[in-house]
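Let's take a walk through this model, starting at the ligand and moving on to some charged pairs. Keep the viewer open as you read.

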Amino acid sequence: MSELPPAAFQNPRARHGFRARTCSIVGVGAYVPERVLSNADLERMVETTDEWITSRTGIKERRIAAPDEATSDLAAKAALRALESAGLKPDDIDLIIVATITPDMLFPSVACLVQAKIGAKRAAAFDVGAACSGFIYALEVGQQFIMSHTHDTVLVIGAEKLSSIIDWSDRNTCVLFGDGAGAVVLQNRPRAHGLLTACLGADGSKASLLCMPGGGSKIPATPDSVASRLHFLRMDGRETFKNAVIAMGQAAHEALGRCGLTVGQMALIIPHQANRRIIEAVGERLEAPPEKVFMNVDRFGNTSAASVAIALDEAVRGGRIQRGDLLLLLVFGAGLTWGAAVIEW
Ligand code: UT7
């Protein structure tokens, strides 16, 4: 065995007695609102058909939050379920990170509102804005806080009330999205089951492909901005589709390459649930057998930052993931942003 380098060249943390840490995913939970909006319901709202929506997207229904239910309410419910599955209490949490593009309000953050709602009095709290890719971004941020010894128990949530920014008269977008939340609890535990690596990427030059133009500092709300429908989500579907397939495929290869792993070693691949055709195209690029590619877009539509977290919860509770299994999570969204995470469950 090679000798340790002289103390002066060692990591200063090691010199001062910090032990290397491991970050485990110790709990998972999700919540979707009760109200189901079916394709038949949408046929009565805009000029569309169940046949068009199903064949172009794979979506049959999506969940829609109640008028008095905000993103923080969905997030808090998912968080409590994740804590329950971890056998922890809100007081055990010392950091809350929420990934969302539909905060209750511009500020304070959804994470602060969740902190109050679940009574996690000891927790620091902030939001991460990486649109549909937010869950993997937040997971990686949460892991870094644990590895750097500043926090021990981190709640990571992806939560969206997309129905609040959808133009319900635009058939190009209103059929695609749904509301919901998913959460995991990260903890420093000696036997780690967690993130092996996360590859994150972004291309801000394509921001206009998917955005909500109004409501920020560039176009604050005015009667004109409201009349021009600038406070709704806008998307160039075809271009977004192409970019999603390429970016998720490349991120998957990069993440697996970093770990020296192959698609064949993955027990399950959980891609962002935006469109069945995107999921199938990514699966084909990775040469993954269809049964290894998780899909629930038919029941929830695209729930943005919540999508992969809800899918992970379903896969765990449905017995599709066992302890020790290797998983590949893939995300893509506005920004543009994308990411891939390899997890040992
Ligand atoms: O989460 C972030 C990432 N988001 C995504 O990844 C979404 C990516 N994009 C997509 O999933 C797909 O592009 C869509 C589902 C949005 C659209 O599918 P497409 O096969 O790309 O259709 P298209 O945009 O090429 O539109 C085809 C036609 C158009 O009519 P014309 O111009 O060819 O006459 C649309 O007006 O379909 C029409 N159309 C509809 N027809 C019936 C668009 N929406 C609808 C609708 N019902 N709801």
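What follows covers the ligand site and then a few salt bridges.

Keep in mind that this is a predicted model. Start with where the ligand sits: domain 1 (12-192) and domain 2 (196-344) both give residues to its shell, so the ligand lies between them. There are 23 residues around the ligand, and Thr48, Arg238, His272, Asn275 and Asn302 come nearest. By type, the shell splits into 10 nonpolar, 8 polar and 5 charged residues.

On its own the ligand would expose 960 Å², and the protein buries 78% of that. Helices H3 (50-57), H7 (171-174), H9 (237-259) and H10 (276-285) each give two or more residues to the shell, with H9 providing the largest share, 4 residues.

Next, the charges. Side chains of opposite charge can pair when their charged atoms come close. The whole structure has 12 salt bridges. One of them sits in H9, where Lys242 and Glu239 have their closest N and O atoms 2.8 Å apart; being 3 residues apart in that helix, they are separated by about one helical turn. Another joins Glu314 and Arg299, again with 2.8 Å between the closest N and O atoms. Glu314 lies in helix H12 and Arg299 in helix H11, so this pair ties together parts 15 residues apart in sequence.

Notes. Residues numbered from 1 in each chain as written. Predicted model: local features only at pLDDT ≥ 70, side-chain atom pairs only at ≥ 80, totals over all residues. Heavy atoms only, no water. Near = heavy atom within 4 Å. Areas by Shrake-Rupley, 256 points an atom, 1.4 Å probe, with all protein chains shown as cover. Nonpolar A, V, L, I, M, F, W, Y, C, P; charged D, E, K, R; others polar. Domains from an automatic or database assignment. Salt bridge = Lys/Arg side-chain N within 4 Å of Asp/Glu carboxyl O.
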